[in-house]
Amino acid sequence: MTLSIHSLIQVLLVLLLPPLLLGVINKTKAAFAGRNGPPVLQLYYDLGKLLRKGMVISTTTTAVFLMGPVVSLVTALVAAMLVPLGHHPALIAFPGDMILFAYLLALGRFFTVSAALDTGSPFEGMGAAREVTFAFLAEPALFLGFVALARISGSLSLSGMLAADPQFVHGAALGSMVLILAGWFVVLLAENCRIPFDDPNTHLELTMIHEVMVLDHSGPAFGMILYGAAVKLWALGALVVAVALPVGSGSQWLDWLVFLAAMLALAILIGIVESIMARLRLVSIPRLLVSASLLTAFAVVFLLG
Amino acid sequence: MSLSLVGIAIVLAACSGVPALFLSRRSAAGQRLAVVLLVTASVLGMLGAGLALAGPAEPAVVVRALAGVPQLTLGVDLLSALFLLPVFLLAACASVYGLAYWPQQQHRADGRRVGLFLGLLTAALGLLLIAQDGIAFLFGWEVMALAAFFLVTTEEREAEVRAAGWLYFASTHLCTLVLFAFFALLQASTGAVSLLPDAAAAAIAPAPANALFVLALVGFGLKAGIVPLHFWLPSAHASAPSHVSAMMSGVMIKMGVYGLVRTCALLPAPPPWQGQLLLAVGAVSAFVGVAFAIGQHDLKRLLAYHSIENIGIIFLGLGLAMAGRSAQRLDWIVLGLGGALLHVWNHALFKALLFLAAGATIQGAGTRAIDQMGGIARTMPLTAAAFLCGAVAICGLPPLNGLVSELLVYLGLFAAVGSGTGLLLAPVTLAPLVVPVLAMVGGMALLCFVKVFGAVYLGQPRHQRTARESEAPILIAMAVLACCCTVIGLLPMRIAPLFDGAIAAWSHAAALPLLGELAPLGAVSALGFALVAMVLGGLWWLRRRRPAGGVVVGTWDCGYIAPTPAMQYTASSFGQQFVSLLRWLLLPLVKAKHRDGLFPAAAAFHSHVPDVVLDRAVLPVLRGCAQACLWLKHLQGGRVNLYLLYVFLTLLVLLLLK
């Protein structure tokens with residue numbers, strides 16, 4: 001771990017920019033719908049407001065209820081620190097950090113779901129059950145992508161896989177990068193509960209996944225959840241962007257600009273997907289996730305020789 | 001020194017339950033004495049094992065009790081010491097736990113029996129771990145099997161327990177039978193039944209070596225509970241008292257792993273298919289184990305299925321180490337075997353913790369059915385915290401110990417994938433397939449334990465009975481195990497060096513890299529501490545923002561005005577989507593009455609996930625055998641004159657032959 005100006009930039013970006021992604025997504029959706037939409041900085045205003053508010057806590061709950069928001073935020077932040085941004089090695093990098101990345105997100109999920117069950121509400125239980133069922137189907141796609149990248153780069157850490165300039169750019173590796181990109185984009189949408197998996201703007205508790213799990217959280221706790229969700233979107237988004245841009249520009253500062261532009265483009269792309277697609281029926285979600293796993297499995301097949 | 005200490009510990013453990021037999025059924029003195037003896041034995045045993053790990057190797061001792069009796073070779077080497085430590089730790093925890101969970105005054109009929117056989121089980125486990133020849137090993141193995149049988153059938157008045165006991169009894173003897181064949185073949189190929197690798201063992205020809213490997217895989221695999229040989233395991237673990245389940249799941253089934261690890265070290269350099277087979281068995285066991293666990297409604301059966309899953313993860317590590325030996329890759333050996341052995345420890349710790357917490361909870365709630373519990377964290381907060389600790393650990397989540405061993409196995413698999421050799425070549429073909437299976441197993445374990453923790457401890461109570469917090473002995477036993485889980489999780493680099501010696505001895509390779517050099521244990525530790533600090537900081541900040549009293553509200557009910565605890569999501573509904581996704585594997589039995597008409601009558605819904613291997617394969621085959629043997633009854637009709645005829649005919653045949 002070398003501390004430099006670039007590490008500082010990474011920390012600042014991870015702490016400050018994630019809410020902006022959601023602003024861009026919402027602005028894109030508004031543009032498609034012909035509305036003005038909320039300001040790009042709306043989530044920052046919301047967070048500021050929530051931090052100043054009080055909390056309402058159900059009498060049914062135990063200490064686990066408050067652990068949900070805290071653990072999900074902390075794990076998302078630590079996981080985001082493991083992802084290399086714009087060809088700069090991540091702040092924390094060691095062999096096997098991709099496993100920590102996945103398991104940190106899983107720890108966040110464990111406590112978010114436990115906090116939902118802590119309320120004793122059938123609706124929140126419903127969302128919780130869906131969250132963990134779909135998450136287990138998304139894991140193989142993520143890990144098959146890691147397998148393919150480890151095979152391409154010969155490295156066992158995210159920074160080695162994604163930040164080092166690859167000397168490999170031959171046909172098979174490129175083909176499998178494209179497949180990983182497609183598979184991981186689906187994982188990104190599923191893990192962050194975007195359309196077509198979940199509609200963040202729906203008004204019916206029965207059909208929601210993530211939003212219904214956090215129904216009972218309020219004030220600062222809810223703020224932590226919103227911020228944590230944005231950081232998780234950032235972390236997975238940075239992973240997808242790193243696969244999409246396997247070759248750096250050569251200049252470290254230009255790399256930052258390219259990376260930020262790519263993140264912006266990713267947010268716009270998510271906004272477009274959300275505008276032009278409908279939500280899938282819950283029963284067909286597993287099929288899409290299995291297809292994502294198969295895409296990444298083909299990425300591995302390309303590299304068998 | 002270490003052998004004498006372990007030997008004294010074994011004798012003391014074997015005798016620990018005896019004094020109570022001469023004391024009154026009504027007094028607690030016998031049980032207390034047994035606990036003191038077993039805890040003393042455990043401390044001595046752990047001391048001995050610790051000395052063996054720390055100090056120089058000691059020569060084995062040959063014991064001959066009587067003239068004419070085969071001699072026994074005993075010794076504590078590094079591998080034995082690694083398995084002895086959890087055996088003695090769990091024995092001490094289980095016996096202390098028993099003071100409050102199975103007190104003599106409340107269990108006059110069977111309290112002394114549990115004490116006696118718990119001691120005997122510990123002694124037998126110790127004996128088979130220090131045995132260095134087949135005779136001593138089989139002796140310890142049989143005493144272990146029988147002691148466990150009497151423990152499983154403690155509540156023999158219940159038909160279900162008797163059935164589980166007989167199933168266990170039959171399968172453990174099948175296991176012993178296979179091991180007899182194994183040792184006979186070993187004797188035939190090497191001229192001795194020594195369990196240590198020597199020149200004779202290194203010279204075994206490929207054909208008998210392969211046969212020995214397969215016999216060991218079946219025999220030891222049956223005890224370890226790999227799929228499809230796991231059919232005895234869920235009912236046996238569910239029927240035993242909880243502290244016995246903890247011993248059985250935590251250390252007894254690990255003896256299968258121990259035997260297989262020993263055998264693998266004994267046999268000459270393995271052909272590639274052996275590692276592949278172990279990887280395949282491990283992946284199938286892990287997946288099937290956790291999938292069936294999600295379908296269970298009985299808390300202890302569910303935990304038992306998770307033992308199958310974890311045995312699968314251990315087999316993955318072992319398979320990778322075997323592949324490493326075939327391919328001469330030292331890093332695969334170190335990461336694979338290191339992961340497997342550390343997971344043996346970890347599973348012993350967190351599974352025992354889970355069984356102990358589950359036992360206390362079951363006692364408090366008065367039922368084993370997950371769907372009838374709920375809200376227990378309010379009345380038993382410390383027990384709930386212990387279960388939560390075990391649940392986070394078993395899911396392999398940071399910052400606890402399950403992560404460390406799973407990380408080692410993952411790293412080994414990734415090293416095999418990234419090694420540059422063509423993936424279609426033998427020893428690593430399965431590695432890229434196994435990684436996503438292991439990831440999926442992690443996700444499924446999370447589903448299962450969130451379900452259990454949520455349904456049992458959180459929400460509102462679904463039952464009328466008010467539970468009380470567990471008593472001190474129960475809490476002490478759980479606290480010891482939870483501390484061990486945390487220490488291994490947060491300071492893995494202090495624990496890893498203990499394993500290096502045993503791995504080096506197993507691999508037959510010189511100059512093996514150290515576990516601490518290959519795995520980023522320091523980074524895991526730092527990340528773990530950072531995580532704990534940030535979570536505690538965040539909780540402190542959030543707790544300060546909590547309302548200072550005043551607002552008393554229930555859960556937001558989405559506008560419905562009269563919610564009841566029965567409307568909560570149950571564990572069955574939580575797992576329903578998963579079970580229906582995997583119905584091709586789980587074959588759930590669902591009984592539902594359709595409701596129709598304007599004024600439908602009361603309806604009922606039952607769902608149940610039975611063991612597919614037991615119900616669809618083992619029992620039908622056995623019934624078929626029984627049918628096929630029916631004609632034999634004509635031979636033995638119970639008429640004396642018929643038997644006289646047999647005797648006469650036999651005599652005639654013998655005379656003619658002569």
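B:Ala348 touches B:Pro86, B:Leu90, B:Gly250, B:Val251 and B:Lys254, leaving aside residues up to four places away in sequence. In this predicted model, B:Ala348 is placed in helix α15 of chain B. B:Ala348 counts as buried because it has 26 C-beta neighbours inside 10 Å, where the cut-off for buried is 20 or more. B:Ser307 lies 41 residues from B:Ala348 in sequence, and their C-alpha atoms are 9.6 Å apart.

Helix α15 also matters for the count of core residues. The largest nonpolar core has 357 residues. Helix α15 of chain B, residues 330–365, gives the largest share of this core, 23 residues. Among the residues with the most contacts inside the core are B:Leu90, B:Leu353, B:Leu356 and B:Cys485. B:Leu90 is also one of the residues that B:Ala348 touches.

The contact between the chains takes 65 residues from chain A and 65 residues from chain B. On the side of chain B that touches chain A, the helices in the table each supply at least two residues.

| Helix of chain B | Residues |
|---|---|
| α16 | 376–379 |
| α18 | 401–417 |
| α19 | 431–457 |
| α24 | 521–544 |
| α25 | 571–581 |

α19(B) gives the most to this side, with 13 residues. By class, the residues of the side of chain B that touches chain A are 45 nonpolar, 15 polar and 5 charged.

Terms used
Residues are numbered from 1 along each chain as its sequence is written. Chains are lettered from A and ligands numbered from 1 in the order in which they are written. This is a predicted model: local features need pLDDT of at least 70, side-chain atom pairs count only at pLDDT 80 or more; totals for chains, interfaces and linings use all residues. A nonpolar core is a set of buried Ala, Val, Leu, Ile, Met, Phe, Trp, Tyr and Cys residues joined through C-beta atoms within 7 Å. A residue is buried if 20 or more other C-beta atoms lie within 10 Å of its own, exposed if 12 or fewer, and partly exposed in between; C-beta atoms are placed from the backbone. Helices (H or I, at least four residues) and strands (E, at least two) are DSSP runs, numbered from the N terminus. Two residues are in contact if their C-beta atoms, placed from the backbone, lie within 7 Å. Ala, Val, Leu, Ile, Met, Phe, Trp, Tyr, Cys and Pro count as nonpolar, Asp, Glu, Lys and Arg as charged, and the others, Gly among them, as polar.
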